[in-house]
Amino acid sequence: MPELPEVETVRRGLVPAMEGQVIAAAQVNRPDLRWPLPARMAERLTGARIVRLGRRSKYILADLSTGETLIVHLGMSGRMLVSGVIMGRFHHDHPAPAKHDHVVFDMEGGARVTFNDARRFGAMDLTPTAQVDRHWLLAGLGPEPLGNAFHEDYLVARLRGRMTPIKAALLDQRVVAGLGNIYVCEVLYRAGISPRRKAGRIAAPRVAGLVPVIRDVLSEAIAAGGSSLRDYRQSDGELGYFQHDFRAYGREGAPCRTPGCVGQIVRIVQSGRSTFYCPQCQR
Ligand SMILES: [Zn+2]
């Protein structure tokens, strides 16, 4: 499932193909993904210029010259494929239409962007740009983890008195937007905080210390995604899924990598999701 760094990687990969460009033709091949697609979606997109390709949490936001914003969520299995000519620099031939190619954008510059989603947990909607923050998918989101509104004082105040485990608190999208299971495990591992500890029982300086760790973990993953973008130009044009070296996630039974620690990574289940951590050095 794509998390924030993967979505940001997809966004950056789409920018050369889409930002500033007119959608010459939009093809919508089914009426719904996770939810119904907006009415007359193809007509509302065709001829519109994408003036800005942004991101909020795990949503890609394409601001259109028509005053609407296209909201895109990749869901569990959604993927974006870029083919054709992108700024004259590289070229992938258009692949034959595939079974789960649900939405296809042909850009005036010659690029084709295909949204393929086998499981259809993805979503797209159109909403007035001026009200995008009030859209039901975005309205309840907390601050961006890499933005200025997310800082030490904010997180300390937000978690004060909370008796949920710190892992659940960081997964709460109202606390901070876009953090998912994998990266929360990595953050708590690096911070040396047990995922089972109640958020409100952690000393304020340790909670504050989570902020730079969250920024580092996400920034490093986005940088790794950037490296993968250079590769995709030589491969098949698919964006956003890259190999990443996790220190805790998925390493059950492996030795802890914290210097001086002789523990090993264990897996537990919290709120139905896997948590990986080192009981020796995460307290
Ligand atoms: Zn350890």
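1. His100 is partly exposed, with 18 other C-beta atoms within 10 Å. On this scale a residue is buried if 20 or more other C-beta atoms lie within 10 Å of its own, exposed if 12 or fewer, and partly exposed in between, with C-beta atoms placed from the backbone. The model is a predicted one, in which local features need pLDDT of at least 70 and side-chain atom pairs count only at pLDDT 80 or more, while totals for chains, interfaces and linings use all residues. Residues are numbered from 1 along each chain as its sequence is written.

2. His100 is found in the loop between β6 (90-92) and β7 (101-107); helices (H or I, at least four residues) and strands (E, at least two) are DSSP runs, numbered from the N terminus. Residues up to four places away in sequence aside, His100 touches Asn116, Asp117 and Ala118. Contact here requires that the C-beta atoms of two residues, placed from the backbone, lie within 7 Å.

3. An unreviewed UniProt entry lists His100, Arg119 and Arg162 under "binding site". They span 63 residues in sequence, and the farthest two C-alpha atoms are 42.6 Å apart, so they do not all gather at one spot. UniProt positions are given in the numbering used here, feature names are shortened, and annotations may be inferred rather than shown by experiment.

4. Arg162 is also partly exposed, with 17 other C-beta atoms within 10 Å. The loop between α3 (152-159) and α4 (166-171) holds Arg162. Not counting residues up to four places away in sequence, Arg162 touches Ala169, Ala199 and Gly200.

5. The overall fold comprises six helices and 12 strands. The radius of gyration of the protein is 20 Å, close to the 19 Å that the globule rule gives for 283 residues, so the protein is as compact as a globular protein of that length. That radius is taken over C-alpha atoms, and the globule rule is 2.2 Å times the number of residues to the power 0.38. Along its principal axes the C-alpha trace spans about 55 × 40 × 30 Å. Buried residues account for 38% of the 283 residues. Of the contacts between residues at least 6 apart in sequence, 69% join residues at least 24 apart.

6. The domain assignment gives domain 1 (4-134) and domain 2 (152-277); such bounds come from an automatic or database domain assignment. The C-alpha centres of domain 1 and domain 2 lie 28 Å apart. Across the boundary, 18 residues of domain 1 are in contact with 20 residues of domain 2. On the side of domain 1 that touches domain 2, the elements giving two or more residues are α1 (4-18), β5 (79-86) and β6. Of these, α1 gives the most, with nine residues.

7. The largest nonpolar core has 71 residues, and those with the most contacts inside it are Val113, Cys185, Val187 and Leu188. Helix α5 (residues 181-191) gives the most to this core, with eight residues. Domain 1 and domain 2 each supply at least three residues to this core. A nonpolar core is a set of buried Ala, Val, Leu, Ile, Met, Phe, Trp, Tyr and Cys residues joined through C-beta atoms within 7 Å. Neighbours within four places in sequence aside, Val113 is in contact with Leu14, Ala17, Met18, Met80, Val82, Phe105 and Met107.

8. For "domain: FPG-type", the unreviewed UniProt entry lists residues 247-283. Over residues 247-283 the chain is 0% helix and 27% strand, and the end C-alpha atoms are 17 Å apart. Strand β11 (residues 266-270) and strand β12 (residues 273-277) pair in the antiparallel sense over five bridges, where pairing requires that DSSP find at least two bridges between two strands. Arg267 stands opposite Phe276 in β12. The two strands β11 and β12 form a hairpin with two residues between them.

9. Most residues other than glycine have a negative phi. Ser271, in the loop between β11 and β12, has a positive phi near 50°. Ser271 is exposed, with 11 other C-beta atoms within 10 Å. Arg40 also has a positive phi, near 50°, and is placed in the loop between β1 (23-28) and α2 (41-45). With 10 C-beta neighbours inside 10 Å, Arg40 counts as exposed.
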